[in-house]
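Me: I am new to this structure and would like to know what stands behind the words used for it. Could you take me through them?

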Amino acid sequence: DTPWMDKATIRQIDLDLDRTFPELGFFNRSGPYHVPLRDLLLAYAAYSPSIGYVQGMGYIASSFLMYMDPPEAFTLMVNLLSQHHFPEFLLVDMDGINRHATALDAHVATHLPQLSRHLKKVQVDTRLYILEWWMTVFGTVLPVEASGVAWDLVLLDGVAALVRITLGVL
């Protein structure tokens, strides 16, 4: 097993594996990518103990494993999760998350004014959806193929792509 990692982290990773792109079946217990995904998540949690494992990381790691071998996926994860919005979201830095939410609210008000007014009227907090959507790069709400396109856009344009995709989903 993994004596160098706390049991709570291992338990959370194991719980989340079957929830990762369940429609594909690749990552469930009998799927071909179950062990590589688990190993990748454990490796990242060990590499970055200040962040560890955060729910939703399975979508990030599995997206990479669909296109590359585990060593390359690990390298991409290490590099990417230190950029864009990821550090603030992974560490639950509320000041940073609030800045992103406020900026997105301004874009929604500009580009979707009627929806913006409605969301304010029914008191929908932007943070409720961007935390999940942006953390998983829409892996939990878009079809797998569209999620792959979202990743391409984020790799090209960073947070600006997340804003544009969010406007499209809304």
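Reply: Gladly, and let us begin with a pocket. H8 gives the most to the lining of the largest pocket, with three residues. This is a predicted model, in which local features need pLDDT of at least 70 and side-chain atom pairs count only at pLDDT 80 or more, while totals for chains, interfaces and linings use all residues. Residues are numbered from 1 along each chain as its sequence is written, and side-chain values use heavy atoms, with hydrogens and water left out.

Me: What makes a space a pocket, and what makes a space a cavity?

Reply: Both are found on a 1 Å grid over the protein atoms alone. A cavity is a set of points where a 1.4 Å probe fits but cannot get out, whereas a pocket is an open set with protein on both sides within 12 Å along at least five of seven lines. Lining residues have an atom within 4 Å of a point. The largest pocket holds about 260 Å³ of space, a volume being the space filled by probe spheres set on the points, with grid points joined across faces, edges and corners.

Me: Which residues lie nearest the centre of the largest pocket?

Reply: Of its 16 lining residues, those are Gln55, Gly56, Glu132, Met135 and Thr136. Helix H3 (57–65) and H8 each supply at least two residues of the lining; helices are DSSP runs (H or I, at least four residues), numbered from the N terminus. The lining divides into seven nonpolar, six polar and three charged residues. Here Ala, Val, Leu, Ile, Met, Phe, Trp, Tyr, Cys and Pro count as nonpolar, Asp, Glu, Lys and Arg as charged, and the others, Gly among them, as polar.

Me: Why does Thr136 count as buried?

Reply: Buried means under 20% relative accessible area, exposed over 50% and partly exposed in between, with a 1.4 Å probe and protein chains only. Thr136 has 3% relative accessibility, so Thr136 counts as buried. Thr136 lies in the loop between helix H8 (126–135) and helix H9 (144–157). Leaving aside neighbours within four places in sequence, Thr136 is in contact (heavy atoms within 4.5 Å) with Gly56, Tyr59 and Trp151.

Me: Why is H3 called largely enclosed by the rest of the structure?

Reply: Because nine of the nine residues of H3 are buried. Met57, Tyr59 and Phe64 are among them. The cover over these buried residues includes helix H2 (34–47), helix H4 (70–80), helix H5 (86–90), H8 and H9.

Me: Which residues touch the most other members of the largest nonpolar core?

Reply: Among its 51 residues, they are Leu41, Met57, Met77, Trp134 and Phe138. A nonpolar core is a set of buried Ala, Val, Leu, Ile, Met, Phe, Trp, Tyr and Cys residues joined through side-chain atoms within 4.5 Å. Not counting residues up to four places away in sequence, Met57 touches several residues, including Leu41, Met77 and Met135.

Me: What makes the pair of Phe26 and Phe27 edge-to-face?

Reply: Rings of Phe, Tyr and Trp (its six-membered ring) pair if their centres lie within 6.5 Å; planes under 30 degrees apart count as stacked, over 60 as edge-to-face and the rest as tilted. The structure holds ten aromatic pairs. Phe26 and Phe27 are 6.3 Å apart, centre to centre, with 80° between the planes, and form an edge-to-face pair. Trp133 and Phe138 have 5.9 Å and 45°, which gives a tilted pair.

Me: Is Phe27 buried or exposed?

Reply: Phe27 is at 0% relative accessibility and therefore counts as buried. Phe26, with a relative accessible area of 32%, is partly exposed.

Me: How do you know that Val92 is exposed?

Reply: Val92 has 52% relative accessibility, so Val92 counts as exposed. Val92 also has a positive phi of about 50° although it is not a glycine, and lies in the loop between H5 and helix H6 (94–111).

Me: What volume does the largest cavity have?

Reply: The volume is about 40 Å³, and a search of the whole structure finds one cavity of 30 Å³ or more. H9 gives the most to its lining, with four residues. That lining divides into five nonpolar, three polar and no charged residues.
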